[in-house]
Amino acid sequence: MTIKKRLSVICLIFSIIPLLIVFWLGVKSGLAKQDDFQNGIALALMAAIFLGLFSAGLVRYWFVGKQLEKIRTFCLAVKDGSYDVFLSVPNESSDLEDENEMVELMRNMNWMAHHIKLNEIQLQSVVSNLEESQEKIKYQNTELENQTNQLTEMVNKIRNLLD
């Protein structure tokens, strides 16, 4: 279930529950039989549903939407191999217990991108060293083949001489 759907359900539930309580109290007190009360409850229910659906979008946009867009852009850049990206973290405070999950996630993503970049630099260095070593091994292999050919030639000459 997406965040938007979850927020919609939460907002609807919390906007309809008070109406249900008012309706239940109206039934208990005998007001439910009056047309004005029923019309008022119907209008309030429609308003609650409308506001519940509308407020979920606002809550999502204000608290989550902006950060999710930053995170999406960040992830796409990292996916494309650009590890120099940085997420600006809102509400930067020295008290880590005061941060919300989104800020903590953004900090962790910055940390991961930084360490990926460091590991990439180290891996490039190791690959470079391996390529140099491979070139040395190829050169030594060629030299060994030449020495082996010379040795074989010398052995053949000595055999010919002894024969």
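pLDDT is the predictor's confidence in each residue, on a scale from 0 to 100. In this predicted model, the protein averages a pLDDT of 82, and 89% of the residues score at least 70. Residues are numbered from 1 along each chain as its sequence is written, and side-chain values use heavy atoms, with hydrogens and water left out. Because the model is predicted, local features need a pLDDT of at least 70 and side-chain atom pairs count only at pLDDT 80 or more, whereas totals for chains, interfaces and linings use all residues.

**Helices and confidence**

- Among the elements of the protein, the mean pLDDT is lowest in α1, at 75, and highest in α3, at 92; helices here are DSSP runs of H or I with at least four residues, numbered from the N terminus.
- Helix α3 covers residues 101–162, and its 62 residues should span 92 Å at 1.5 Å a residue, which agrees with the 87 Å between its end C-alpha atoms; the expected span is 1.5 Å times one less than the number of residues.

**Burial and surface**

- M102, V103, M106, M109, N110 and A113 of α3 are buried, where buried means under 20% relative accessible area, exposed over 50%, and partly exposed in between (1.4 Å probe, protein chains only).
- V9, I10, I13, F14, I17, I21, W24 and L25 make a nonpolar surface patch of about 790 Å²; such a patch joins nonpolar side chains (Val, Leu, Ile, Met, Phe, Trp, Tyr) within 5 Å, from residues with over 30% relative accessible area and no salt bridge.
- One of these patch residues, I17, is found in helix α1 (residues 3–29) and is partly exposed, with a relative accessible area of 38%.

**Salt bridges**

- A salt bridge is a side-chain nitrogen of Lys or Arg within 4 Å of a carboxyl oxygen of Asp or Glu, and by this rule the count comes to three.
- D84 forms a salt bridge with K117, the closest N and O atoms being 2.3 Å apart; D84 lies in the loop between α2 and α3 and K117 in helix α3, so the pair ties together parts that are 33 residues apart in sequence.
- D84 counts as exposed at 58% relative accessibility, while K117 is partly exposed at 31%.
- E69 and R72 meet through their side chains in a salt bridge (3.0 Å, N to O), and both lie in helix α2 (residues 35–79), three residues apart, about one turn of the helix.
- E69 counts as partly exposed at 41% relative accessibility, as does R72 at 46%.
- The side chains of K157 and E153 meet in a salt bridge of 3.9 Å, N to O, and the two residues are four apart in helix α3, about one helical turn.

Definitions and conventions: Patch = residues over 30% accessible without salt bridge, like charges linked within 9 Å, V, L, I, M, F, W, Y side chains within 5 Å. Areas by Shrake-Rupley, 256 points an atom, 1.4 Å probe, with all protein chains shown as cover.
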